[in-house]
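Hi,

Here is the structure I promised to pass on. Have a look at it first, and then read my notes below.

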Amino acid sequence: MSSTKLSSASAQASGKAPRAAQVMRASARGASACAAPLAFKPASARAPLVVLAAAATASSPSSSLADKFVPNAVARVPPTQQKQTAIITGASSGLGLNAAKALAATGEWHVVMACRDFLKAEKAAKAIGMPAGSYSVLHLDLSSLESVRQFVSNFKATGRRLDALVCNAAVYLPTAKEPRFTADGFELSVGTNHLGHFLLSNLLLEDLKNAPNKQPRCIIVGSITGNTNTLAGNVPPKANLGDLSGLAAGVPAGNPMMDGMEFNGAKAYKDSKVACMMTVRQMHQRFHESTGVTFASLYPGCIAETGLFREHYGLFKTLFPPFQKYVTKGYVSEEEAGRRLAQVVSDPKLDKSGAYWSWSSSTGSFENQVSEEVADDSKASKLWDISAKLVGLSA
């Protein structure tokens with residue numbers, strides 16, 4: 001597929017011009033609350049923004065592979081006759097892929113896999129055994145606001161209903177020494193994990209409001225590492241958005257953290273997850289009564305044994321899974337975590353708006369408590385206003 005360039009309109013919508021020399025692209029894969037390390041490509045190698053069907057050119061070396069995939073994006077019947085539809089970002093691996101599998105396996109859901117790499121998502125869906133016709137793939141690169149808007153346009157063009165939106169994809173750079181930036185000039189973790197999903201969920205809110213199942217849900221995956229009221233949340237560096245001065249300044253290159261401090265890759269991820277959980281609370285307060293949409297967050301457990309740790313230190317990747325299995329007892333497989341996420345999407349018992357869900361081995365799902373910072377609704381309201389300006393939703 002050919003490369004594309006961001007339009008100047010996207011730069012204007014984000015409130016700033018892209019820093020071309022600093023731009024790096026990330027494949028926004030599904031992330032557990034533990035980690036989501038990714039591979040990066042420079043902006044010049046960016047994938048195209050429009051994908052309603054896989055259509056590799058005849059000269060492409062992967063064209064024979066693409067030809068095997070039958071696109072299933074466009075709906076063939078009216079919304080009321082369709083299966084319930086869930087969009088899951090980062091559904092080509094890990095938590096997102098296994099949640100997609102769990103929903104598709106019920107026979108009651110069609111899953112739109114919102115991913116940057118179309119062929120990877122198609123191959124992953126087939127490899128994990130998702131039935132033909134139970135899913136479709138649409139291109140989405142959360143590190144580009146233009147791509148988010150194009151995805152929304154493409155989704156609406158399919159004629160599919162929308163009953164659930166799952167904001168799952170994330171980037172995690174615990175060993176990065178220098179910040180990386182999105183196409184719009186934001187630090188990569190906040191730009192992808194928070195701002196990309198912030199724009200996506202706002203643009204799809206009206207579709208969720210009109211969900212034929214009358215029980216629409218918007219789920220944003222949180223993290224125990226962003227909750228400083230837990231042991232894991234107190235492992236340095238601790239999440240802290242400070243006065244949001246960095247975000248208000250558009251996370252500038254010199255001090256690109258949300259609190260305006262020097263870059264720290266692990267903290268950037270934790271801060272972005274705090275922002276995600278705050279966003280859920282704000283959406284609940286602002287929109288639940290008027291739209292009927294249930295907004296929730298969750299921590300599905302620590303997926304300690306996954307390829308998503310590829311950017312972490314080798315020793316960490318070796319020792320972390322047994323540590324979680326035998327010491328903390330917090331280990332959870334990708335498959336089990338996927339079932340838990342699917343439960344938050346579809347279980348009538350988990351329909352409380354504004355909730356933050358967790359699980360225990362003895363009691364199953366329960367509503368957990370968020371940290372003092374996440375519960376700071378005054379700071380969350382300020383976060384909302386700043387974010388809305390940065391993504392072009394307000395002046």
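Strand S8 (residues 294-298) and strand S9 (residues 355-360) run parallel to each other and pair over three bridges. Leu298 has Trp357 in S9 as its bridge partner. For the terms: strands are DSSP runs of E with at least two residues, helices are DSSP runs of H or I with at least four residues, and both are numbered from the N terminus. Two strands pair if DSSP finds at least two bridges between them. In general, strands of a sheet pair through backbone hydrogen bonds, either parallel or antiparallel.

Before going further, a word on what you are looking at. This is a predicted model, where local features need pLDDT of at least 70 and side-chain atom pairs count only at pLDDT 80 or more, while totals for chains, interfaces and linings use all residues. Residues are numbered from 1 along each chain as its sequence is written, and side-chain values use heavy atoms, with hydrogens and water left out.

Back to the sheet. S8 and S9 belong to an open sheet of eight strands, in the order S5-S4-S3-S6-S7-S8-S9-S10, with mixed pairing. At its edges are strand S5 (135-139) and strand S10 (364-367), each of which pairs on one side only. On average, neighbouring strands here are turned by 25° against each other, direction ignored. (Axes are lines fitted to C-alpha atoms, for helices over the stretch in contact, and angles run from 0 to 180 degrees between N-to-C directions.)

Two helices to look for on this sheet: helix H3 (residues 94-105) packs on it and touches strand S3 (84-89), strand S4 (109-115) and strand S7 (217-221). The direction of H3 makes about 165° with that of S4. Helix H6 (residues 188-203) lies across S3, strand S6 (164-167) and S7, at about 175° to S6. Contact, by the way, means heavy atoms within 4.5 Å.

Now zoom in on S4, where you will find His110. Is His110 buried or exposed? His110 counts as buried because its relative accessibility is 3%; the cut-offs are under 20% relative accessible area for buried, over 50% for exposed and partly exposed in between, with a 1.4 Å probe and protein chains only. The side chain of His110 has a polar atom 3.2 Å from the backbone oxygen of Gly133, and a polar contact of 3.4 Å links the side chains of His110 and Arg160.

What about disulfides, meaning pairs of cysteine sulfur atoms within 2.5 Å? The structure holds zero. Cys276 is in none, and the nearest cysteine sulfur, that of Cys167, is 7.8 Å away. Cys276 is buried, with a relative accessible area of 3%.

Overall, the protein chain has twelve helices and ten strands, and buried residues make up 58% of its 395 residues.

Cheers

Terms used
A disulfide is a pair of cysteine sulfur atoms within 2.5 Å. A polar contact is a pair of N or O atoms within 3.5 Å; within protein, one must be able to donate a hydrogen and the other to accept it, and residues adjacent in sequence count only if both atoms are side-chain atoms.
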